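The questions below ask what stands behind the terms used for this structure. Each answer sets a value against its definition.

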Amino acid sequence: MAVNESQLVQLFEQVLTLSKVDASQSVAILKSHYSDARTVRAATDAALRLGAKVYAVELPSFNHPRAMGNDMTAYCGDTALTGNPAAQRALEAADLIVDTMMLLHSPEQEQILKTGTRILLAVEPPEVLARMLPDSEDKARVLAAAAVLEQAKLMRVTSAAGSDFRAPLGQYPTVTEYGYADEPGRWDHWPSGFLFTWPNEEQAEGVLVLDVGDILLPFKSYARERITLEIEQGFVTGIHGGFEAEYLREYMKYFKDPEVYGISHIGWGLQPRAQWTAMGLHDKNDGMCMDARAFYGNFLFSTGPNTEVGGTRKTPCHMDIALRRCDISLDGQTVVAEGEVIAPAASRVRQG
Ligand SMILES: O=c1ccc(O)c[nH]1
Ligand SMILES: [Fe+2]
């Protein structure tokens, strides 16, 4: 199925309106040669129809010789913007940047946001954008959950598969993703609908058992056998199992960087329009699979960078791992039970 151009413009008009784009705003469309041309065109047309002053910043693509695969989250930190202050200044001049080439997990993104410029990442296929069109209810639900997470001192994750992971919290802020960039200095990602934070440095500990069906990104694979991760003092110290554990070990070892084993963002999914099954219907090169990061009731665990919240761990290897059927509690209060969103009530999707 394919979204037609006029539909896509209307969808961008909705999301840019939610992102407070109007005739008072300047909108920069950040692109490279690999950007989705339909997305670039629709974002441009929509911003113009909303009366904004629109310009494009095109950057020659950046490829690190050690990067593998085409998933934009597979090699983080250095981007086409790295070392290009003139382009960065051109972007900082905008009120909103529609990022169709992926600056996420780069220090440059944080510098741009600090100027008050908003960034909306949109790199998923247009059909995925359409299926997970954000709305203000998504924002309300994610913010309701964030109100609990930002007060929490301890996150605990357990599961029937054997996970028992504890992460003391408080050192880092809570990050919300609800699909549009409506506040000064806000970064968001369309599509999304989840929230996360980082454990206090060197304090996360325990065991995470990736069960059959759990998702490993950027591999874009469903685990077919269990993989057991041992976490000590904020780092993955052991990866046990069969072939898939060996594959994960070998992949992470390839980067020859001890920081790849650091725990990155941890949180849970609140997007009912995201589907656990969606990844199986897409090719590996179809975007970065936000369905896996956002599906309702997942536990999203990740390794590697913490630059997004001012940390110094700028490591290129970033694993996003989505677990099903976990129990997630904050200071003893259950927010997700066996993959079902329980609390706060305002974060749950209204049934019926
Ligand atoms: O939206 C995103 C996408 C990737 C990621 O690592 C975090 N959030
Ligand atoms: Fe991530």
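Q: Why is Asp331 called partly exposed?
A: Asp331 has a relative accessible area of 46%. Buried means under 20% relative accessible area, exposed over 50%, and partly exposed in between (1.4 Å probe, protein chains only). Asp331 is therefore partly exposed.

Q: What kind of model is this, and which cut-offs apply to it?
A: This is a predicted model, in which local features need pLDDT of at least 70, side-chain atom pairs count only at pLDDT 80 or more, and totals for chains, interfaces and linings use all residues. Residues are numbered from 1 along each chain as its sequence is written, chains are lettered from A and ligands numbered from 1 in the order in which they are written, and side-chain values use heavy atoms, with hydrogens and water left out.

Q: What makes the phi of Asp331 worth a remark?
A: Phi of Asp331 is near 50 degrees, a positive value in a residue other than glycine. Most residues other than glycine have a negative phi. Asp331 sits in the loop between strand 18 (326–330) and strand 19 (333–337); helices (H or I, at least four residues) and strands (E, at least two) are DSSP runs, numbered from the N terminus.

Q: Why does Lys256 count as exposed?
A: Its relative accessibility is 71%, so Lys256 counts as exposed. Lys256 also has a positive phi, about 45 degrees, although it is not a glycine. Its place is the loop between helix 7 and strand 15.

Q: Which residues does Arg224 touch, not counting residues up to four places away in sequence?
A: Arg224 touches Val212 and Glu244, where contact means heavy atoms within 4.5 Å. At 62% relative accessibility, Arg224 counts as exposed.
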